[in-house]
Amino acid sequence: MNVILQRHLHSIRRKAWSAGFITSEAFKAYLANRNLETAATLAYYGFLSLMPLLVLLFFLFSLTLRSSDAVLQAISHLTEQLFPAFNQDLLSDVMALSQSKAWGLAGIIALVWSMTPFAGAVRTAMDRIFRSGVQMQFFKAKALNVTAVLAILLTFVGLVGWKMFLLVKPLDERLAIPVWLAKAFAEGAPFLITLTVIAFFYLVFAPIRLRHVHLLAGALATAGLLIVIRPLFGWFLRVNPDYGYAFGSLKAIFLLLIWVYYTFAAVLLGAEVMAAMRRKEALLLRGL
């Protein structure tokens with residue numbers, strides 16, 4: 001009995017030491033790769049890509065749904081969860097823009113193409129983190145960027161559709177399940193959805209094939225950081241409501257950029273965790 005207990009304790013110590021070693025190496029690589037500066041670049045490109053993304057979402061749902069109010073409400077709920085400081089009045093303007101002109105094929109292509117610099121910046125950051133060393137041809141790289149943009153658009157279409165599914169009818173009434181089970185699912189669903197979206201994001205942009213355990217660890221690290229950062233960011237804004245006051249009417253845009261910056265900082269740290277797990281043996285040999 002004591003031998004079995006000692007083995008379990010030894011296994012727990014070994015796993016704890018391994019987790020601490022990977023975390024330490026991930027932080028070292030995070031600072032060495034200057035990922036805070038990279039997060040600022042991604043925040044800038046991501047902000048520029050947000051408006052075309054919203055226009056495309058409104059346009060695509062307007063092709064299949066007659067009620068634009070339901071789409072506006074669903075996207076409003078989604079942006080409230082993703083961006084704590086998002087100005088909801090902006091959504092009405094974006095919806096009016098998507099409906100005020102006939103978006104032909106050329107307009108849709110232009111919107112998708114305007115988001116490709118963001119995809120290219122994310123792929124460059126992932127190449128630096130995973131050290132793939134793969135040099136792609138120009139047209140292949142552009143094709144991958146367009147594919148990544150379409151994958152992001154498809155992800156947001158699924159998220160908005162899920163929001164509309166929940167807003168039309170409560171889950172307990174739709175599935176005939178107990179209210180407590182529906183509440184538990186409603187509380188746990190945002191974390192699971194966040195975890196799934198982050199894992200899909202890594203799958204799309206990672207330059208290498210990731211193992212499932214590495215992908216899960218990176219997604220959990222990023223989702224955990226976002227869960228911690230979001231209430232802290234909201235608390236800071238409540239304590240210091242004048243934060244960003246110098247930007248005047250652009251304060252909402254400034255706060256949105258700050259939140260996107262924090263988000264990408266967490267995403268890049270999760271990628272460093274996966275890269276450290278992948279290079280664990282090499283890092284141990286280097287330490288020896």
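**Exercise 1.** Classify the residues that line the second largest pocket, and state where they come from.

*Solution.* Step 1: by class, this lining has eight nonpolar, one polar and two charged residues. Ala, Val, Leu, Ile, Met, Phe, Trp, Tyr, Cys and Pro count as nonpolar, Asp, Glu, Lys and Arg as charged, and the others, Gly among them, as polar. The model is predicted: local features need pLDDT of at least 70 and side-chain atom pairs pLDDT 80 or more, while totals for chains, interfaces and linings use all residues. Residues are numbered from 1 along each chain as its sequence is written, and side-chain values use heavy atoms, without hydrogens and water.

Step 2: the lining includes Arg123, Asp127 and Thr147. Helix 6 (116–130), helix 7 (138–168) and helix 9 (179–205) each give two or more residues to the lining of this pocket. Helices are DSSP runs (H or I, at least four residues), numbered from the N terminus.

**Exercise 2.** Which residues of helix 2 and helix 5 meet, and to which classes do the contact residues belong?

*Solution.* Step 1: Ser49, Pro52, Val55, Leu56 and Phe59 in helix 2 meet Ile108, Leu111, Val112 and Ser114 in helix 5. Contact means heavy atoms within 4.5 Å.

Step 2: the contact of helix 2 with helix 5 has seven nonpolar, two polar and no charged residues.

**Exercise 3.** Describe how helix 2 and helix 5 pack.

*Solution.* Helix 2 (residues 35–64) and helix 5 (residues 105–114) pack at an angle of about 145 degrees, and their axes are 9 Å apart. Axes are lines fitted to C-alpha atoms, for helices over the stretch in contact, and angles run from 0 to 180 degrees between N-to-C directions.

Note on methods: 1 Å grid on protein atoms, 1.4 Å probe; cavity = no way out; pocket = protein on both sides within 12 Å on 5 of 7 lines; lining within 4 Å.
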